[in-house]
Amino acid sequence: MSPPSTELVLVLVFTAGWCFMCAADVGDFSPCLQVFYRSWPPKGLAGTPICQRFYNRYRFATLYSRPRRSPWFSAYLYSTPAGKRPSASWKFEPQLAYPGARGDMIPFPPGPVDQNVVDSQAVELDYINSTYSRGHLNPSLHHRSREDRTATFTLANVVPQKAGSNAGPWRALEQRVNRTLAAYCLGEAHVVTGAIPYRGDGRWLGNRRVAVPEYLWSAYCCPDYSRSLPEELRGAFPTYAAIGRNNRDSGEEIVPVSPAVKEQFRGFDVRAMPLGTLEGHLGDRLGGRVRVFYEQCSGSD
Ligand SMILES: *[C@@H]1O[C@H](CO)[C@@H](O)[C@H](O)[C@H]1NC(C)=O
Ligand SMILES: *[C@@H]1O[C@H](CO)[C@@H](O)[C@H](O)[C@H]1NC(C)=O
């Protein structure tokens, strides 16, 4: 065999250099570490970190899965909402398509979308006419400022979610967390909300570009909370966790189905559980040890 040609070596060197740069440009949570409790991103999940920027400010953080074209989780600081849900103008992340691009998210153009953008992430056409709604991980409801709310409308913060979950038990969970944190969290509340994949190859939106999660999960950490909690919230501080079904037909080992739920929402139950139990389910599905908050949000100094 003849030695590799100079051209081939050069191609390899440049390809390697290019990919190394890709990783460096989006693969870093350092500009937005403050959204994580103790600046400590969850451990045991692998993906592409994105500091979600809008109007030149970092708003929240997302661990993105390029092969799934959807997020593993989004992490944010909760602030008590005021005002209405903004009208959605959906956005994409230019830096997933072009490593050198400015990081501010950009609204989709009315016409055709650049092919590098289409290749690198979910676009509106993936969701249009699918049987799934666009499920925010970081919900607009958990933010005070209009810009923070608007910034949640990026498809990199969205997973395919059944309407029966999105408009039913999952929304009820978001509202319950809103009321609980607004009333009893005295300091910062760090929230992480993510997706749990199906086992095996799983399910995808119609054209097999975007992976569908079997469950959604969410957890918050609020170490500084009111000492006069009502009885039913004693277990909800400093940390709280839950898993919600995204498929009526899933088994009941992780989240049982209550027959009492209204027909349109039946089978999309959400189950509250200790943080350690959530971490156990995540580790089991993802094949490793997952830790969501530094020292389980124990608040110990
Ligand atoms: C969605 O479905 C409707 C009704 O079948 C059809 O008219 C429309 O062209 C479809 N849109 C896309 C983007 O495929
Ligand atoms: C969120 O909580 C605030 C403070 O309690 C409340 O005013 C608001 O109505 C809540 N929003 C929803 C949608 O539950």
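The accessible surface of the protein amounts to about 14500 Å², and carbon and sulfur atoms hold 55% of that area. The model behind this value is predicted. Turning from the surface to the interior, 51% of the 301 residues count as buried.

The overall form can be described in two ways. The C-alpha trace spans about 75 × 45 × 45 Å along its principal axes. The radius of gyration is 20 Å, which agrees with the value near 19 Å that a compact globule of 301 residues would have.

The chain forms 8 helices and 12 strands. Among the contacts with a separation of 6 or more, 68% are between residues 24 or more positions apart.

With the whole chain described, single residues can be taken in turn. T193 sits in strand β8, which covers residues 190-197. Its relative accessibility is 2%, so T193 counts as buried, the cut-off for buried being under 20%. Which residues does T193 touch, leaving aside those up to four places away in sequence? They are W72, F73, S74, Y76, L137, W170, W217 and S218. With S218, the side chain of T193 also makes a polar contact of 2.8 Å, side chain to side chain.

N178 belongs to a helix, α7, made of residues 169-184. Is N178 buried or exposed? N178 is buried because its relative accessible area is 14%, and the limit for that class is under 20%. Leaving out residues up to four places away in sequence, N178 touches Y78, P81, L141 and H142. The side chains of N178 and Y78 are joined by a polar contact of 2.6 Å.

P109 is in the loop that runs between β5 (106-107) and α3 (115-120). P109 has 34% relative accessibility and therefore counts as partly exposed; this class lies between the limits of 20% and 50%. How far apart in space are P109 and W90, C-alpha to C-alpha? The distance is 9.5 Å, while in sequence P109 and W90 are 19 residues apart.

Another proline, P238, lies in the loop between β10 (211-221) and β11 (239-245). The peptide bond leading from F237 to P238 is cis, and its omega is near 0°.

Y55 is found in the loop between β1 (48-54) and β2 (57-65). Its phi is near 50°, a positive value in a residue other than glycine. Y55 counts as exposed because its relative accessibility is 57%, and exposed means over 50%.

E295 lies in the segment after α8 (275-286). The phi of E295 is near 45°, again a positive value in a residue that is not glycine. With a relative accessible area of 44%, E295 is partly exposed.

Conventions
Residues numbered from 1 in each chain as written. Chains lettered and ligands numbered in written order. Predicted model: local features only at pLDDT ≥ 70, side-chain atom pairs only at ≥ 80, totals over all residues. Heavy atoms only, no water. Helix = DSSP H or I, 4+ residues; strand = E, 2+ residues; numbered from the N terminus. Buried < 20%, exposed > 50% of the residue type's maximum accessible area, 1.4 Å probe, protein only. Polar contact = N/O pair within 3.5 Å; in protein donor to acceptor, adjacent residues only side chain to side chain. Contact = heavy atoms within 4.5 Å. Rg over C-alpha atoms; globule rule 2.2 N^0.38 Å. Areas by Shrake-Rupley, 256 points an atom, 1.4 Å probe, with all protein chains shown as cover.
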